[in-house]
Amino acid sequence: MGRTIAEKVLSAHSDTDCSPGDIVVASVDYCMAQDGTSKLMISELENLGFDRPKTARGMAVVLDHSSPSPSVAVSRIHDDIRRFSNAHGVELHDVGAGVCHQVIPESGQIMPGDLVVGADSHTCTYGALNLCSTGLGSADVAAAAHTGRLWFRVPDSYKVDIHGELADRVAPKDLILDLIGSMGADGATYKSVEMGGSAVDTMPMDGRMTMANMVVEMGAKFGPFPFDEVTRSWYRGLGVDAESGVSSDEDAEYEKTVDVDASDVVPKVAVPHRVDDVHDVTDLAGVDISQAFLGTCTNGRLSDLRSAAEILRGKKVANGVRLIVAPSSRSVLLEALRLGVIQTIVTAGGVLIAPGCGPCVGTHAGIPSDGEAVISTANRNFLGRMGNNRDVSIYLGSPETVAASAVTGRITDPREA
Amino acid sequence: MKIRGRAHRFEPNDDINTDYIISGRYKFSIDDMNELAKHVMEDIAPDFAGSVHEGDVVVAGRNFGCGSSREQAPRALKAAGVGAVIAKSYARIFYRNSFNIGLPLIECDTDWIADGEFLTIDFDGGVVVGESPGSQASFTPLPSTMQTLLDDGGLIPHLKKHGGFSFD
Ligand code: SF4
């Protein structure tokens, strides 16, 4: 019987011929943690008597969540992480490198067909590169680093077939918000969600990463994309050869198949405080905002900054609105500088902050005040997410929607900007 | 194994995410689990941390623990004294994390459980019993992988005890 990408990757890594529901102990190719989850992981590793990572291609730690450090307490955590990585042969991506979910793919350390784990829930982002990756807790990642292996329950797979073409100023973010809205926050719990179809075939890597990033918002474990010329040339850009990948068999069995016509999708906004409470932007047009945030592991990539800059060119951010911009990595920042994208955004009134998570999780760099509404390109809008208790409303949209809204001071349909 | 404790329910009941269990803003400022325990559930139930007793049971609807991978979420619940969680379903990272740190999770219908009601959970018998006559629900006993992890005291103790993974 045919097999899905998840079944093939887990079979190959466990020397078994596994099916959904089986529990396998599989070898792990790469693992990572970030500054918010490393501390627990390090103490768990110390407890285990950790020496060097046993994962096939090693391990990385990224200082991105609260970076540069806003407090003495965080500075001490960062210091501990630096010492730990030095002592144990762990690759350190220090302050300014960017968000883990851009830095790790760019590092060229993870390859199509790999099995990758990370102590961060959005580790599923790397599915865009035609591999199986998933977020786990600190103990699991410590176990993977220490033994090179980890237990997995083989997931059932869903197939999402996206055809048609996205209209102008409608983004992959809108596609994935639309999908999450229709599936629900637990609509794909434990599943591997395989993305494919003609709209995916023509989608650049940045957009694939945006979509894979958010599969966890419907509960999914993996979000693998196909291996194709887009994958190959993306790796070529890194100077890495990726000649082959993994694809599902013609007769693979899917628990569910979802058809999406991309040409039906319009700009979408997730309203407070649920990622699956998704509406057309036109239903929300006019909601006043105080802060607009362009960045995160969902939408801080070059194409995101470019699309936003296109809307901001020659315009000004509205009075009373702060537009905060965090490129997702140093190389994204450099390329955006080279292309004049940053110049355009800052001229319009944008505030450039260090590559990293920025204010996404509310630890620093743009924490909203009481009663404010924020439009953000992030992936989560939970109550209290951006550092304030109960009194901030977070709306999620595409880079286009965020830029258009920053200019008017109200949630705005980017097709009208 | 049996646990007896008071049920705590929250509003909302479905999709209680890890930010609600322990807000992301504490993950850098506090790393002592007992301190963290004082803030558990604070954004949706400010009185919870002060009222929970050792062995009490958190009761929820669907998709408990969705959101971030922070292991502080089950750890803070455990440090606060929570003996088990009963929910209709769980988000997968939270599910793994809980067993990895030794917090048992039970999956069954929870609509019948009232806030404040005393519950007895019989893990081996696979049944949760409430206070009023006849109020109870059965659940499928834990998968053997999870039971092994709990028996060994969590994932790290499991690895130390067996020198690696040992599930059969
Ligand atoms: S950008 Fe936000 S969602 Fe992404 S890794 Fe950082 S904190 Fe998490």
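**Briefing: the ligand site, domains and cores**

By class, 5 nonpolar, 5 polar and 2 charged residues form the shell around the ligand. Here Ala, Val, Leu, Ile, Met, Phe, Trp, Tyr, Cys and Pro count as nonpolar, Asp, Glu, Lys and Arg as charged, and the others, Gly among them, as polar. This is a predicted model, in which local features need pLDDT of at least 70 and side-chain atom pairs count only at pLDDT 80 or more, while totals for chains, interfaces and linings use all residues. Residues are numbered from 1 along each chain as its sequence is written, chains are lettered from A and ligands numbered from 1 in the order in which they are written, and side-chain values use heavy atoms, without hydrogens and water.

**Ligand surroundings**
- Residues around the ligand (a heavy atom within 4 Å) include His65(A), His101(A), Asp120(A), Cys297(A) and Arg385(A).
- The ligand lies between domain 1 (5-261) and domain 2 (274-416) of chain A, because both give residues to its shell.

**Domains of chain A**
- The bounds of these domains come from an automatic or database domain assignment.
- Taken over C-alpha atoms, the centres of domain 1 and domain 2 of chain A are 24 Å apart.
- Their contact (heavy atoms within 4.5 Å) takes 36 residues from domain 1 and 39 residues from domain 2 of chain A.

**Nonpolar cores**
- A nonpolar core is a set of buried Ala, Val, Leu, Ile, Met, Phe, Trp, Tyr and Cys residues joined through side-chain atoms within 4.5 Å, where buried means under 20% relative accessible area (1.4 Å probe, protein chains only).
- The largest nonpolar core has 148 residues, and Leu77(B) is among those that touch the most other members.

Notes: Buried < 20%, exposed > 50% of the residue type's maximum accessible area, 1.4 Å probe, protein only.
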